[in-house]
Structures are given as structure tokens and as C-alpha cells.
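Let us walk through this structure step by step.

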Amino acid sequence: MCGIDTPVPSLSLTHMRPHDNRAWFLVLPALALLGLVGALPLLAVINYGFHDIFSLQDVYWVGVQWFTDILQSDRFLASLGRSLLFSALALVVQVPLGIGIALLLLGYGKRAVWGLMLVALPLVVPWNMIPMFWLGLIDAKTGILGPGLAAIGFDWKFTGWHTWVLILVVDTWHWLGLVVVLAYAGLSAIPPAYMQAAAIDGASRWSAFRFIQLPKIAGALAIVFLLRFVDSFMIYTEAFAINAGGPSDATRFLTLELGEEIKGFSYGQAAARATLYFLIVLAVVWAFVAATREREG
Amino acid sequence: MRHLGILALAGFILLPLVQAILLSFMATLPTPAQGSIGLMNYRGVLEDPELRAAMVNSLVYVVLNVVLCITFGLPAAYALARYRFTGDRHFLLVILVFRVTPPVVLSLPIFILFSQFGLVNSPVGIALVHCLFNLPVAVWVLESFIRAVPREFDETAYLDGHSGPSFFFRHLIPQIAPGIGVAAFFCFIFSWVEVVFARILTVTGGKPITMAIQAMFSFQTDIGKVMAMTCLSLVPGVAMIWFVRNHLARGFTLRA
């Protein structure tokens with residue numbers, strides 16, 4: 001490891017960057033591309049949300065009707081609750097677990113790379129096959145874990161909280177690697193001198209983590225939190241393939257409702273719902289950015 | 001203790017993969033019982049012209065997406081790493097918001113917009129729309145790598161008479177080659193396996209691997225063949241992980 005490969009702590013070079021608005025010319029192409037694939041569709045979806053859409057030629061203004069309908073429906077609130085709970089569980093399980101594994105790997109020095117490659121494997125599995133892998137694994141007749149799970153009475157088809165456990169395990173399997181890789185990146189960028197100084201001061205393992213490592217990886221963890229929040233909050237592929245929202249709506253998340261409306265051609269309603277979801281995500285992003293700017297001063 | 005933890009982790013990560021690989025070597029019709037074992041599923045996949053086309057489609061759109069993200073992301077990353085400018089933090093906020101916008105929110109208008117441009121059923125459409133979440137990642141990764149290169153490096157290149165494109169191609173890109181690899185890796189993993197946009201943009205043709213697999217599920221699914229196709233689809237991903245293994249530990253952080 002030498003030269004550019006050495007993780008470089010982000011030195012505060014900010015004051016050395018000159019102010020030059022010509023830099024916008026370098027940023028504009030990226031912004032234009034995002035405008036085309038992001039901003040334009042976003043404006044369209046917000047606009048659709050205020051209309052009743054029978055076909056592209058047959059569109060009627062309905063004002064905020066869809067929004068009030070959705071916000072007043074008990075189903076929406078119940079799904080919102082379930083999605084928020086699922087996100088909270090995913091974050092509570094995956095973030096500490098990922099940091100723990102990253103800390104473990106850190107102790108292995110150069111060999112840690114094998115661990116990183118291992119946890120990155122699920123990230124390259126096609127999303128729609130991830131639930132299939134797990135359903136194959138726990139299949140009562142032919143799965144490796146199937147007979148054992150059936151013997152202890154694990155019944156993901158008809159017991160609500162068992163389905164929850166399964167979806168949470170599958171989601172953790174899928175995304176743990178991202179948490180580990182980003183946490184490890186943050187941790188390995190901390191100059192060894194910091195930890196040596198802590199050791200000389202007689203700091204415990206926990207306080208060294210709490211007061212040196214954790215603050216240093218706050219930026220990496222913030223992006224992990226955000227990515228894991230939106231992806232778990234908007235979980236669809238896994239949840240739908242595993243039990244399609246069942247048993248009796250126990251795993252009916254927000255996206256499953258949106259999917260039903262799109263499949264049912266209620267485009268206006270679906271767009272209003274999509275706008276609401278976007279606003280929720282936006283609120284969380286805003287909170288995170290505000291917190292990050294506060295921390296960085 | 002430490003080793004036990006790693007062992008448990010390896011078991012957790014590998015078990016579903018082992019199951020899938022086992023199934024991919026079994027004859028699974030009519031049921032995945034004690035069928036015969038062999039390469040017939042892989043032969044079946046490779047002899048199927050639609051599945052072969054799906055692999056080509058996937059490779060085309062992923063490569064195109066990575067190229068787009070690096071080409072558009074590199075100048076922006078350079079600007080952010082080297083200059084302050086009016087609205088730079090707003091730009092960072094905008095790319096963050098687009099990175100976390102759920103694809104399902106935009107799927108409907110994307111379909112309508114892209115069908116007007118004739119980008120439905122083509123890998124080009126998927127490559128473009130995946131820039132929504134990959135371009136921000138490319139900017140973050142590249143920016144951190146460019147930041148790690150001292151400013152004097154740029155100044156020396158300018159003194160040597162290199163500016164504009166020749167600076168980027170002759171000096172900067174070779175210097176941050178690992179960064180380009182890491183950016184490509186993250187773009188690859190978010191794009192190769194994505195299903196929401198891939199589904200909405202391929203109605204009748206141009207199906208990538210994910211959607212071709214989806215189409216293999218029917219009343220009587222040959223799960224062995226499905227798993228064989230899936231295992232083949234892992235090969236480029238595993239190769240990608242291997243190529244960037246020594247640079248994986250760079251990641252990206254929240255820039256706001």
C-alpha cells in the first residue's frame with residue numbers, strides 16, 4: 001500500500017480552495033443529465049398527482065383530492081407505520097452489526113480484504129433472485145435449512161412475525177455488505193496514531209470507539225443511514241416475492257400499495273402517493289443534512 | 001472468539017449462495033427432488049437465444065451506464081474538489097436528493113417520457129435512467145480521490161502546458177485510476193441488479209438478465225435453470241469485486 005492507495009484522512013483543505021464560478025461549467029453536464037432523468041420525471045409525477053388520469057389524452061384536474069383521500073385512509077397510516085417500523089428494525093440491526101464486523105475485520109490487517117469481498121457478494125445478486133435464494137434455502141423439503149426450521153415450527157407463510165423475521169434477515173443479507181464496506185472505509189482512514197494515543201492514555205476499547213472512531217466515521221455512517229433508510233422504507237422486491245404483503249396484510253408496506261395502484265391503472269392516485277413518499281424521504285434527507293452541517297460547523 | 005464471528009458471518013453470507021449453486025447443478029423438473037446432477041441447466045441457459053441476448057443487454061447497459069457516470073461525474077467531482085463556487089452546497093444537496101429518490105416514485109413518468117424518445121425496450125434507456133442514482137455516487141467517490149491528490153500536481157501539469165481535456169486524460173485519470181475503478185464498482189453493483197426501472201423500461205424487448213430471469217418463472221418453473229442463469233449473472237459481479245478488492249476500503253461519505 002503506497003501513494004494514492006493509502007487511505008488519506010480528509011485534511012481540512014477547504015480554506016485552500018479558491019472561489020471560482022467558472023467551475024459551474026464542469027458541473028453543468030452532470031446537472032443537465034440529472035435534470036433529464038430526475039427533475040423532469042419528478043415534476044411530472046407531482047403534476048399527475050393533482051389529476052385524474054384515464055389515458056394520456058383524458059386527464060382531469062382534481063386538486064388535492066387524492067392527497068386527502070390517501071392521508072385520511074386507515075390503510076395508508078397502517079402501511080406507513082409498518083414501513084417505518086421495518087426501517088427502524090433494519091437500521092437497528094444492520095448498522096451496529098455492520099460496524100461490529102468492520103471493527104472485527106480491522107483487526108485482520110491486510111487479510112481484511114477477503115472479508116470485504118465476502119460481504120460484498122450479496123450486493124451483486126440480482127435483486128429479484130435474493131428472495132428466491134432464501135425461499136430455496138428454507139424450503140421445507142429441499143432447502144438446506146428447511147427441515148430444521150420446519151421442526152422448530154418456523155412458519156413464514158401464515159405467522160405474521162415470522163414473515164417479518166424472514167424479510168428482515170433477507171434484507172440484512174442483501175445490504176450488510178454495503179454497511180461493512182463503508183464503515184470499514186471510514187475506520188481504516190483513521191490514522192493509527194489516534195488509536196495509539198488512546199491506548200497510551202489507558203482508554204478502554206469502548207471509549208476509544210465512542211470518542212475517536214465513531215466521530216471519525218460519522219460522515220460514512222450518515223450516508224449508510226440514509227441509503228439504508230430509503231431502501232428499507234421503500235422495500236418492494238423482497239417483501240412482495242416472499243409473501244405479497246401477507247399473511248393478512250402483516251407485511252403490507254407502503255410500496256406494495258403503490259404497486260397495486262400502478263397495476264390497477266389508477267395513475268393519478270399512484271402519482272399522488274408517490275409524491276407523498278418522496279416528501280417523506282425528502283424530510284429525512286433534510287434532517288440528515290442539517291445535522292451533518294451542524295456537526296461540521 | 002474473533003475467528004468464530006468471522007466464521008458465523010461466512011456461513012450466513014455463503015449458505016444461500018451454496019443452496020443456489022447446488023440447485024443450479026440439479027435436474028429440478030418436475031420437482032427438485034433427488035434428481036440427476038450435471039451441467040444440463042447451464043447448457044440449457046447457454047443454448048437459449050433469449051437468455052444469451054439478455055446477458056448482452058445487461059452488459060451493454062451497465063457498461064454504458066458506467067461510462068456515462070464517469071464522463072459526467074469526473075468534471076463535476078473535479079470542480080467540487082478544487083473550487084468553491086456559488087451554489088456548490090446546493091449542488092451537493094441536489095445530487096443527494098436524487099440518489100435517495102425511490103425509483104418506484106419516478107417509474108411512471110420515466111416510462112412516459114422515455115417512450116416519447118423511443119428509449120423503451122432498449123439498453124440505452126436503462127443506462128440513462130440508472131444515472132439517477134449512480135451519477136451522485138460517482139461524483140462522491142471521484143471527488144474524494146481527487147481531493148487526495150495535492151493541488152501542486154495540477155499546477156505542475158498546467159506549467160507543462162497541459163490544460164482542459166489533455167490534463168484530464170494525460171494526468172488526472174491515470175493518477176486517480178483506482179478511484180475510477182471504485183466508482184465503476186459502486187455504479188456496477190447498483191445498476192447490474194436493479195429491477196424497478198429495468199422492469200418498467202423493458203416491455204417487449206431489450207430485457208436485461210434480471211427481467212429474463214423473471215420471465216422464466218411460470219406455472220411450472222425449472223428452478224435449476226433459473227439458478228444456473230443467476231449463477232452465471234454473478235460472474236461479472238464477482239470479477240468486479242476481485243478487480244477493486246484493494247481499493248474497496250475507500251467507499252464514500254455523506255457530502256453536504
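In this predicted model, 78 residues of chain B are in contact with 86 residues of chain A. Which element gives the largest share of the side of chain B that touches chain A? That element is α1(B), with 13 residues. Sorted by class, the side of chain B that touches chain A holds 55 nonpolar residues. Another 15 are polar, and eight are charged.

Helix α1 of chain B, residues 2–24, also leads us to the next stop. Together with α7 (160–188) and α11 (237–243) of chain A, α1(B) is part of what covers the buried residues of α5(A). Helix α5 of chain A spans residues 130–137 and is mostly covered. How many of its eight residues are buried? Seven are. The run opens with A:Ile130, A:Pro131 and A:Met132, which are among the buried residues. A:Phe133 and A:Trp134 are buried as well.

Helix α3 of chain A, residues 74–106, packs with α7(A). Their axes lie 7 Å apart, at an angle of about 45 degrees. Because of that angle, α3(A) is oblique to α7(A). The crossing of α3(A) past α7(A) is right-handed. What classes of residue make up this contact? There are 19 nonpolar residues, four polar and one charged.

Definitions and conventions
Residues numbered from 1 in each chain as written. Chains lettered and ligands numbered in written order. Predicted model: local features only at pLDDT ≥ 70, side-chain atom pairs only at ≥ 80, totals over all residues. Buried ≥ 20, exposed ≤ 12 C-beta atoms within 10 Å, placed from the backbone. Helix = DSSP H or I, 4+ residues; strand = E, 2+ residues; numbered from the N terminus. Contact = placed C-beta atoms within 7 Å. Nonpolar A, V, L, I, M, F, W, Y, C, P; charged D, E, K, R; others polar. Axes fitted to C-alpha atoms, helices over the stretch in contact; angles between N-to-C directions. Parallel < 35°, antiparallel > 145°, perpendicular 65-115°, else oblique. Left-handed = near helix turned anticlockwise from the far one by under 90°.
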